[in-house]
Amino acid sequence: QVQLVESGGGSVQAGGSLRLSCAAFGYTYNVYCMGWFRQAPEKEREGIATISTVTDTTLYADSVKGRFTISHDKVKNTLYLEMNSLKPEDAAVYYCAAIWGGRLCGDNWILTTRYAYWGQGTEVAVSS
């Protein structure tokens with residue numbers, strides 16, 4: 001079992017920045033890939049960034065590339081998402097997630113079905 005606890009959401013003006021955190025607890029030794037997803041009202045949950053907790057290799061969705069940075073602190077067992085130059089269309093509930101069983105991120109990292117564990121979500125609001 002792995003528990004993921006997120007924090008850091010809030011409200012910001014367009015062009016501003018926020019940093020989300022996701023603390024992982026439990027049997028994290030078997031988690032090789034973690035990611036951030038978001039879900040806006042009446043839209044499907046979309047993958048925006050992923051990181052290998054083994055190699056620190058990162059991948060991003062085109063919508064956030066160059067503005068968001070995913071990172072992982074192995075000592076604190078915490079996942080981060082640094083969000084800069086926020087836009088109104090970035091407003092959503094943000095979720096961290098973990099792939100279980102020593103599996104790597106791979107090319108299909110955006111598939112929600114690959115992630116066994118999810119955080120509770122943290123809301124990000126961006127005003128224009």
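**Exercise 1. Find which residue forms a salt bridge with Asp62, and decide whether Asp62 is buried or exposed.**

Solution. Asp62 forms a salt bridge with Lys65, and the closest N and O atoms of the pair are 3.2 Å apart. The criterion applied here is a side-chain nitrogen of Lys or Arg within 4 Å of a carboxyl oxygen of Asp or Glu. For the second part, the classes are buried for under 20% relative accessible area, exposed for over 50%, and partly exposed in between, with a 1.4 Å probe and protein chains only. Asp62 has a relative accessibility of 67% and therefore counts as exposed.

A note on the model belongs here. The model is predicted, so that local features need pLDDT of at least 70 and side-chain atom pairs count only at pLDDT 80 or more, while totals for chains, interfaces and linings use all residues. Residues are numbered from 1 along each chain as its sequence is written, and side-chain values use heavy atoms, with hydrogens and water left out.

**Exercise 2. State how many salt bridges there are, and trace the network that contains Asp90.**

Solution. The count comes to five salt bridges. Starting from Asp90, the side chain meets that of Arg38 in a salt bridge, with 2.9 Å from N to O. Because Asp90 lies in the loop between β8 and β9 and Arg38 in strand β4, this pair ties together parts that are 52 residues apart in sequence. Here strands are DSSP runs (E, at least two residues) numbered from the N terminus.

The next step goes to Arg67, whose side chain meets that of Asp90 in a salt bridge at 2.7 Å, N to O. Arg67 is located in the loop between β6 and β7 and Asp90 in the loop between β8 and β9, so the pair connects parts that are 23 residues apart in sequence. Asp90 and Arg38 are both buried, and Arg67 is buried as well. Together with Glu46, the residues Arg38, Arg67 and Asp90 are linked in a network of salt bridges.

**Exercise 3. Describe the surroundings of strand β4, naming which strands pair with it.**

Solution. Strand β4 spans residues 33–39, and six of its seven residues are buried, so the strand is largely enclosed by the rest of the structure. Two strands are taken to pair if DSSP finds at least two bridges between them. On this basis β4 and β5 pair in the antiparallel sense over six bridges, and the bridge partner of Met34 is Ile51 in β5. β4 and β5 form a hairpin with six residues between them, and Glu42 in the turn has a positive phi of about 65°. Seven bridges join β4 to β9, again in an antiparallel arrangement, and here Phe37 has Tyr95 in β9 as its bridge partner.

**Exercise 4. Report where Asn77 and Ser85 are found, and what their phi values are.**

Solution. Most residues other than glycine have a negative phi. Asn77, in the loop between β7 (68–73) and β8 (78–83), has a positive phi near 55°. Asn77 is partly exposed, with a relative accessible area of 22%. Ser85, in the loop between β8 and β9 (92–99), has a positive phi of about 50°, and Ser85 is partly exposed at a relative accessible area of 40%.

Note on methods:
Helix = DSSP H or I, 4+ residues; strand = E, 2+ residues; numbered from the N terminus.
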